Amino acid sequence: MHSYLTQEEQSIRQISDLKFGIPIIVKNKNKNALIISIETLTAENFEKLKTFFSLSKPDPYIAVTKKRADLLKARVYENDIARLKIQKKIDLNWIKATADPSLDLEYPMKGPYESFRNGDSEIARIGIKYCKEAELLPATLVIPIDGETAKKLEGEGLLYQNISNSIISKKSNPNPVLISSGRVPLRYGLSSKVSVFRDPISLSEHYAVEIGALDFSQSILTRLHSACFTGDILHSLKCDCGEQLDIAINKIKKAKCGIILYLNQEGRGIGLANKMRAYKLQDAGLDTFESNHQLGFEDDERDFTVGTKILKELGVKKIDLLTNNPLKVANFKNSDIQIVSRVPLVTRTTNENKQYLETKKRKSGHIFAQN
């Protein structure tokens with residue numbers, strides 16, 4: 001076993017391995033399994049994995065989220081995931097199409113699916129969690145193996161981890177770590193300090209931009225902004241993200257001080273690749289929430305507590321929060337940071353973003369009006 005790694009370090013390595021298409025070994029109590037991300041399955045690595053299918057007891061299965069299982073019309077016996085039996089004729093294309101909604105039209109007759117009702121769902125759950133951390137489609141191939149096989153594969157270099165203690169509990173939700181800071185001059189005669197914080201598990205980096213001379217005894221104008229490559233960089237008309245960021249900067253400029261937290265949680269936390277998959281589904285008529293569900297994600301996979309932890313690290317105690325999102329306001333209720341006021345960000349409604357804004361208002365309660 002890789003005893004020189006802590007449990008958290010093993011998690012980081014395993015998340016990285018899944019992203020590279022390398023299977024990982026997971027143990028829960030006396031059960032072992034090989035797990036690989038279905039998104040990264042190739043003909044080559046699938047052929048290698050097939051050698052373990054005949055040795056697998058119980059049978060191999062596909063783990064997907066409840067959202068994806070519901071759309072596949074598969075039974076869900078756990079609250080959040082489903083474990084789907086693999087057809088007798090093991091077919092890579094069928095497995096890939098089960099995980100990836102972009103293949104639904106190419107493989108419309110994948111079902112009916114049969115779900116496992118009993119057995120260890122914790123192993124499947126950790127695979128789904130790690131795929132989400134890696135910003136992969138949340139679907140895994142799980143191959144149960146015996147302890148002797150697990151030990152042999154570990155000796156060949158696959159990373160092994162026992163999850164029965166607490167790895168998937170929320171006992172360890174470590175704070176982002178400050179990596180570096182530097183001064184950045186801005187237009188309009190304002191100065192800023194940019195600090196880079198790194199998430200110890202996902203290794204995502206988030207940026208705190210402190211603008212002007214901040215007085216931490218007063219409430220500070222603050223924006224928690226999730227990265228949006230299409231809106232912030234390309235100025236896409238499909239969403240209001242880029243315009244919200246511009247308005248937030250202008251309000252901070254007028255106030256002469258404030259904080260922008262730029263959180264790398266693209267696409268409501270599903271990553272840019274999955275966001276583009278969601279866009280393709282939206283072109284077929286789904287809204288932003290429905291497309292996330294078809295991919296196997298929840299409405300919103302972001303973790304706003306990252307923002308509260310960074311603000312606390314900066315010494316912030318009171319804020320005026322620049323947001324239209326009630327979930328961001330609710331995020332601060334159990335924190336040590338007081339919201340003095342919510343400051344709305346009223347953007348333009350266009351033909352391109354009208355449906356998106358209406359969906360946010362109807363399904364997640366966004367408030368698009370001045371206080």
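Leu 203 is found in the loop between strand 8 (191-198) and strand 9, where strands (E, at least two residues) and helices (H or I, at least four) are DSSP runs numbered from the N terminus. Leu 203 has a positive phi of about 70° although it is not a glycine. This is a predicted model, in which local features need pLDDT of at least 70 and side-chain atom pairs count only at pLDDT 80 or more, while totals for chains, interfaces and linings use all residues. Residues are numbered from 1 along each chain as its sequence is written, and side-chain values use heavy atoms, with hydrogens and water left out.

**Backbone: positive phi**

- Most residues other than glycine have a negative phi.
- With a relative accessible area of 44%, Leu 203 is partly exposed; buried means under 20% relative accessible area, exposed over 50%, and partly exposed in between, with a 1.4 Å probe and protein chains only.
- His 235 also has a positive phi, near 55°, and is a residue other than glycine.
- The loop between helix 7 (229-233) and helix 8 (241-255) holds His 235, which counts as exposed at 55% relative accessibility.

**Helix packing**

- Two packed helices are described by the angle between their axes and the distance between the axes.
- Helix 10 (residues 272-283) packs against helix 11 (residues 288-295) at an angle of about 120°, with 9 Å between the axes; axes are lines fitted to C-alpha atoms, for helices over the stretch in contact, and angles run from 0 to 180 degrees between N-to-C directions.
- That angle makes helix 10 oblique to helix 11; under 35 degrees counts as roughly parallel, over 145 as roughly antiparallel, 65 to 115 as roughly perpendicular and the rest as oblique.
- The crossing of helix 10 and helix 11 is right-handed, a term for the near helix being turned clockwise from the far one by less than a right angle, with anticlockwise giving left-handed.
- On the helix 10 side, Asn 274, Arg 277, Ala 278, Leu 281 and Gln 282 meet Thr 288, Ser 291, Asn 292, Gln 294 and Leu 295 of helix 11; contact means heavy atoms within 4.5 Å.
- By class, the contact of helix 10 with helix 11 has three nonpolar, six polar and one charged residues; Ala, Val, Leu, Ile, Met, Phe, Trp, Tyr, Cys and Pro count as nonpolar, Asp, Glu, Lys and Arg as charged, and the others, Gly among them, as polar.
- Helix 1 (residues 7-19) and helix 5 pack at about 75°, their axes 9 Å apart.
- That makes helix 1 roughly perpendicular to helix 5.
- Ser 11, Gln 14, Ile 15 and Leu 18 of helix 1 make this contact with Tyr 130, Cys 131 and Glu 133 of helix 5.
- The residues of the contact of helix 1 with helix 5 comprise four nonpolar, two polar and one charged.

- Asn 292, in helix 11, is buried, with a relative accessible area of 3%.
- Leaving aside neighbours within four places in sequence, Asn 292 is in contact with Gly 267, Arg 268, Ile 270, Ala 278, Phe 297, Glu 298 and Asp 299.

**Aromatic pairs**

- The count comes to four aromatic pairs; rings of Phe, Tyr and Trp (its six-membered ring) pair if their centres lie within 6.5 Å, and planes under 30 degrees apart count as stacked, over 60 as edge-to-face and the rest as tilted.
- The rings of Tyr 61 and Phe 116 have centres 5.8 Å apart and planes at 65°, so this pair is edge-to-face.
- Tyr 61 in strand 3 (residues 61-65) and Phe 116 in the loop between helix 4 (92-99) and helix 5 (121-133) are 55 residues apart, so the pair links distant parts of the chain.
- Tyr 61 counts as buried at 5% relative accessibility, and Phe 116 counts as buried at 15%.
- For Tyr 207 and Tyr 262 the ring centres are 6.4 Å apart and the planes at 10°, so the pair is stacked.
- Tyr 207 belongs to strand 9 (residues 205-212) and Tyr 262 to strand 11 (residues 257-263), 55 residues apart.
- Tyr 207 is partly exposed at 27% relative accessible area, whereas Tyr 262 is buried at 19%.

**Sequence and spatial separation**

- Gly 189, in the loop between strand 7 (177-185) and strand 8, is exposed, with a relative accessible area of 76%.
- Gly 189 and Lys 253 are 64 residues apart in sequence and 9.4 Å apart in space, C-alpha to C-alpha.
- Asp 246, in helix 8, is partly exposed at 41% relative accessible area.
- From Asp 246 to Lys 50 there are 196 residues in sequence and 52 Å in space, C-alpha to C-alpha.
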